[in-house]
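Here is a brief report on one structure. Have the sequence and the coordinates at hand while reading.

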Amino acid sequence: MTQEFILETRGLTKEFRGFTAVDDVNLQVREGHIHALIGPNGAGKTTVFNLLTKFLPPTRGEILYRGKPITGMKANGIARLGLVRSFQISAVFAHMTAMENVRVALQRPIGTSFHFWKSERTLDHLNDRAIELLDQVGLREYADVLTVEMPYGRKRALEVATTLAMEPTMMLLDEPTQGMGAEDVDRIVELIRRVAKGRTVLMVEHNLSVVSRLCDRITVLARGSVLAEGDYAAVSANPLVKEAYMGSEAEEEEASA
Amino acid sequence: MSTTQTLTPTMKRQRRANLRRNAFYLILIVVGMVAPFLAYPVFLMKVLCFALFACAFNLLLGYAGLLSFGHAAFLATGGYITGYLLASYPAMTPEMGIIAGTLAAVVLGAAFGALSIRRQGIYFAMVTLALAQLVYFAYVQSPFTGGEDGLHGVPRGELFGIISLRSNLAMYYFVFAVFLIGFAIIQRAVHSPYGQVLKAIRENEPRAVSLGYNVDAYKLVAFILSAGIAGLAGSTKTVVFQLASLTDAHWHMSGEVILMTLLGGVGTLFGPIMGAGIVVSLQHMLGQSPLGNWVSVILGVIFVVCVLSFRSGIVGEINKMYHKNFK
């Protein structure tokens, strides 16, 4: 029964010096879903995200992955379980080429990453796979470009390619469309839809149109606790949610729909 | 069988750069072979020992992004262990002494690293400085180091028990070989699968963590490698000069290696060698001139000018100019 939820939290709480940023959050993410975590600024979305990905230790509560507790694991450990996160600011290795960025992710499982006595040419057999992954996100022609020279939207796509290289069962995306123009947003939405096939995605997102287009289920956070949960229609009809967060924005959406 | 490796234009460019670099190595080796006939070998050996020390430091600062302020401890440990063993056990050959000294620095590096690697930035520098001071005071008090007097009259002995190192020329070629081995180890580490991960960590540490890498372990390996090669430099220096003294353990020495590395160009292959060459030459020349007492002041001024006006160091600036004009 627990297996239908790939990721679950029970009573997750985080306090910073007496300030409760996340308060008793029970989150359940179903396998195969694209699940969004939304809420007004300061609702604790990013804190929840950092707790889930172990970049912050929780004060109380439990995190379960496929029914097993992962509360005490380290950030790099859960990545190896297949829970791979992205970052708000595009997380790329700036002075490496796009291909090398992806290759760093491919390299770890082959087990020579501590081999300082081997030539880096021993990694060349990963190049084809790296370029395949770049192709999947439409970056084939950027393979040779130093990442620092790539436009912002492309960097985010590169981040997705690098994440895919980990063969994640679950991707945690922290505001994947933040700071993007409309054209890039559409591209990323398509990309997420494509790569989410056969995977579970949990994303923190501000852009409600992105959420409405992509997500199967939405959890609304306000002041550190869960305010509402459901699909987009249910959540956007909830008066509490309207009051706390969506306000006029939701009404506009409804009017236009 | 279908290992159709895709060679991208960048990689082809890199291969060409590798070829150029190999040509440069060849020139370096030839110059190194001829040098003792053009300059005083003892001076050259001093330059080589400090160049190796600076290269080891550069591996840590330039490629792992860790600023250690305690590298003197490794130089000194290598020197004292080698000096003590060679002076106390006449059966020991110089290469055995040097290997023992290097291993001692590796062990000390592992201990330092385990205690400091989780700290970031200035805290890391402070922890390494504090540990190095601890080691300094231990060496002042220990009987085996000779305390304030140091160890004198360490025999150079016979390499492998057959080749006498008493002549400066023989000694020089041995030191040159040691230098090349140390330099090659660093080069390989930088351009290895491990080097790729190290680069990724330096570029974006949280991302490297999210890709499943235990970044502290990778940094620790860099620290231990760097400590070991610093120890190798110290051990070799002791055999050359037949003495080991507290100067090597003093925090001045940790500062000096930072100066050499920054002056030559941190994160460049040849920068530390050039930086060491300049600093040692200045000390040598100024030490004999009436300006002798001003060495520290002059080095300090050079340091300030370097940090203010050419931050990427001499080799770094040359690289920049090259890329601007030939690309």
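## A covered helix and the core around it

In this predicted model, α2(B) is mostly covered, with 22 of its 24 residues buried. The helix runs over residues 41–64 of chain B. From first C-alpha to last it reaches 33 Å, close to the 34 Å expected at 1.5 Å a residue. Even so, α2(B) has a kink of about 30 degrees, centred on B:N58. Just after the helix comes B:G65, with a positive phi of about 70 degrees.

Now the core. The largest nonpolar core holds 177 residues. Those touching the most other members are A:L134, A:A161, B:L52 and B:F53. α2(B) supplies the largest share of this core, 18 residues. Chain A takes part through two domains: domain 1 (29–58 + 72–82 + 170–257) and domain 2 (94–167) each give at least three residues.

What is A:L134 in contact with, leaving aside its neighbours within four places in sequence? The list is A:A98, A:M99, A:V102, A:L139, A:R140, A:Y142, A:A143 and A:A161.

Why does A:R17 count as exposed? A:R17 counts as exposed because it has 4 C-beta neighbours inside 10 Å, and the cut-off for exposed is 12 or fewer. B:Q242 is partly exposed, with 15 other C-beta atoms within 10 Å.

Notes. Residues are numbered from 1 along each chain as its sequence is written. Chains are lettered from A and ligands numbered from 1 in the order in which they are written. This is a predicted model: local features need pLDDT of at least 70, side-chain atom pairs count only at pLDDT 80 or more; totals for chains, interfaces and linings use all residues. Helices (H or I, at least four residues) and strands (E, at least two) are DSSP runs, numbered from the N terminus. The expected span of a helix is 1.5 Å times one less than its number of residues. The bend at a residue is the angle between axes fitted to the seven residues ending there and the seven starting there. A residue is buried if 20 or more other C-beta atoms lie within 10 Å of its own, exposed if 12 or fewer, and partly exposed in between; C-beta atoms are placed from the backbone. A nonpolar core is a set of buried Ala, Val, Leu, Ile, Met, Phe, Trp, Tyr and Cys residues joined through C-beta atoms within 7 Å. Domain bounds come from an automatic or database domain assignment. Two residues are in contact if their C-beta atoms, placed from the backbone, lie within 7 Å.
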